Amino acid sequence: MKAAIALDGLTKQYGQRTVVDDVTFAVPSGSIFGLLGPNGSGKSTTIKMLCGLVLPTSGSGSIDGLDIVAQSAAIRWHIGYMAQSNTMYEDLTADENLEFYARAYRLGPAERRDRKETLVNLMGLGPFLDVRSGLLSGGWQRRLALACALLHDPPIVFLDEPTAGIDPVARRDLWDLFFRLAEAGKTFFVTTHYMDEAERCSEVGYIYNGKLIACGTSVALRRLASVNRPDTTRYAIDAEEIMPTFAAVRALPYVRDATIFGHELHVVVESTASAERLASDLRGHAGWQAIRCVDPSLEDVFVTLTRESEK
Amino acid sequence: MRALFDFHGMGAMVYKEARHILREPTTLALIIAMPLMQLLIYGYAINMRVEHITTVYYSEDSGRLSDQFITALQGSGAFDIVGRVESPESLRQAIVAGTAHVGFDIPQNFSADILRHKPAPVQVLVDGSQSTIAEAAAAAAAQIGTSMALSLNSRAIKFQPIDVRPMILFNPSLRSPNFLVPGLIGLVLQNITMVLMALSVVAERARGTLDQVLVTPIGTTALLLGKIIPYTIVGFLDFGLVLVMMTTIFQVPIAGNLFVLLVLGAGFLMTSLGLGLLISTYAQSQIQALLMSAFLVIPSALLSGMFFQVQLMPPIMRVVAYTLPLTYFLEVLRGIIVRGATITELWLPAIATILFGLAALGLASLRFARTSA
């Protein structure tokens, strides 16, 4: 399948600081690509370079085969962009914001009406058309911004932390929309902090300090050798009283790492120690029920990768 | 790279910009209330003509001519006699206390000396802390004294061999509004359009809405014109508003050609919009933009010749004054409105005004294009 988005050694430096460092990957068309990483890791700068808002220092990139520097004017018709912050005009109504972007994309009067209606129905914005966008809740502001970014029906959509700061229900609804649009053939490039959102992406890239540390499907990432070292085994311990169990586990000499996931404890132990040994060592401590062997979660993957690169 | 000369999307920008202006109550207030307020304040409160100066007097004279002199002072309109004091020291005290700005000390033989054709010296104490009052009061007192002497005794003419009668052209009554209000038009136009333009662009940059616009196919030229056109209309509305106020409330007629005035006004608007845009490319926040504007507004107000004549400034200040666009536009304004000058007589400030406009807008546009990828 041809790549909708391709980056080749893309680099951005501000003075001595390298914000995006030699990033290379490709996003197949029709997929939802998630770019993850802590704050300040270079996610937004990567998106801005791809959208033609920031000029790369070196390297190249392409959108639908168009060069992001030389052909940035042509690229504008291929992409929709939703920035990290709310970029709707707060003093204009939802309808006026839509009208402005429809005109910005040079849609004729009939086309404008048509596209606006389609998107208003898709997003359920009908009741809010005459409300000033600044008065809408976070979730509705995001929907409005998404509608504005989709007015010209772009094949590729960039979403910079689309769900930051909105409630879980609105977050779920928004993702349902992304899936529906992706099914219709659009390519999504999404940055996020949320692991559950990363799990939903068809492919995930993890960027840390400007460097792309890992990239692939979530299944492939879980099987990365650097995450599943041959001399260690990963167990999940179900526990009613998590804190005493956590303390007990950390006291064991062969435990490399322990992380709490609700009522579950993920423990990385040296392979020389078996599940039976772990169980017998924990026998004196009440509050836990069962020990299972598990694959790492995406969060495990990213925590491990971040610690590795910090070394 | 962004296409520089691409007008597509200009309509979209004007559509949204007009709504911003009409919807925001503070912007509307700024556009309408600020010129009204400034014009009223400068036009009414700052009156450089000297009238109703609070005055006290002390008289040792027993004759009736001293009363006549005091009546003449009061009748001139320049002086308001607020009291008679009982000692020469009290005159000084009244001025120190601020109850009066001028004190007349009339000597013992005032009436008798005049009737005997002897010079009758009247000492006038003037509050020098108010320099405009001081000069005018001294001059007015001397004039009243002379005319009274003349009316009493035609032989007094002998002491005045040269009769100097200055004739004041263009503003015969030396009314302050005729001098101040035309100048104020320039200041009001500059402040409002520059600040509005700077704030509007900085806000878009800071909030990220500018990025959202820049990913659309709107070209740089279209984007800039879309910003400039609505604020030019605002500028012309204000221009019209202050011109109407000037001719009606302050009774200052436009002696010259209105069309020439409007054309050169457009040139000056380009300058202030350009300066506003330039500020927006440096300022990171609206606060910074406001401070930068203030940095330009204060020298413009003080050095452009609005209150003080440029020719009378020290050389260094004069150099600064001639780098200010407002200095030239003020010459245009006073030339056309007060003196009725034609474009051929005003060619130098007229050309300077237009050149400043083209340069400011051109530079600002280039910088804007460079700072937004």
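How much area do chain A and chain B bury between them, and what percentage of it is on carbon and sulfur atoms?

Modeller: This is a predicted model, in which local features need pLDDT of at least 70 and side-chain atom pairs count only at pLDDT 80 or more, while totals for chains, interfaces and linings use all residues. Residues are numbered from 1 along each chain as its sequence is written, chains are lettered from A and ligands numbered from 1 in the order in which they are written, and side-chain values use heavy atoms, with hydrogens and water left out.

Chain A and chain B bury about 2,600 Å² between them, and 57% of that area is on carbon and sulfur atoms; buried area is the accessible area (1.4 Å probe) that two parts lose on being put together, summed over both. Chain A brings 30 residues to the contact and chain B brings 24 residues, where contact means heavy atoms within 4.5 Å.

Four salt bridges are counted between the two chains, each a side-chain nitrogen of Lys or Arg within 4 Å of a carboxyl oxygen of Asp or Glu. In one salt bridge, K48(A) meets D211(B) at 3.4 Å, N to O.

On the side of chain A that touches chain B, helix 2 (72–75), strand 6 (79–82) and helix 3 (94–104) of chain A each give two or more residues. Helix 3 of chain A gives the most, with six residues. Helices (H or I, at least four residues) and strands (E, at least two) are DSSP runs, numbered from the N terminus.
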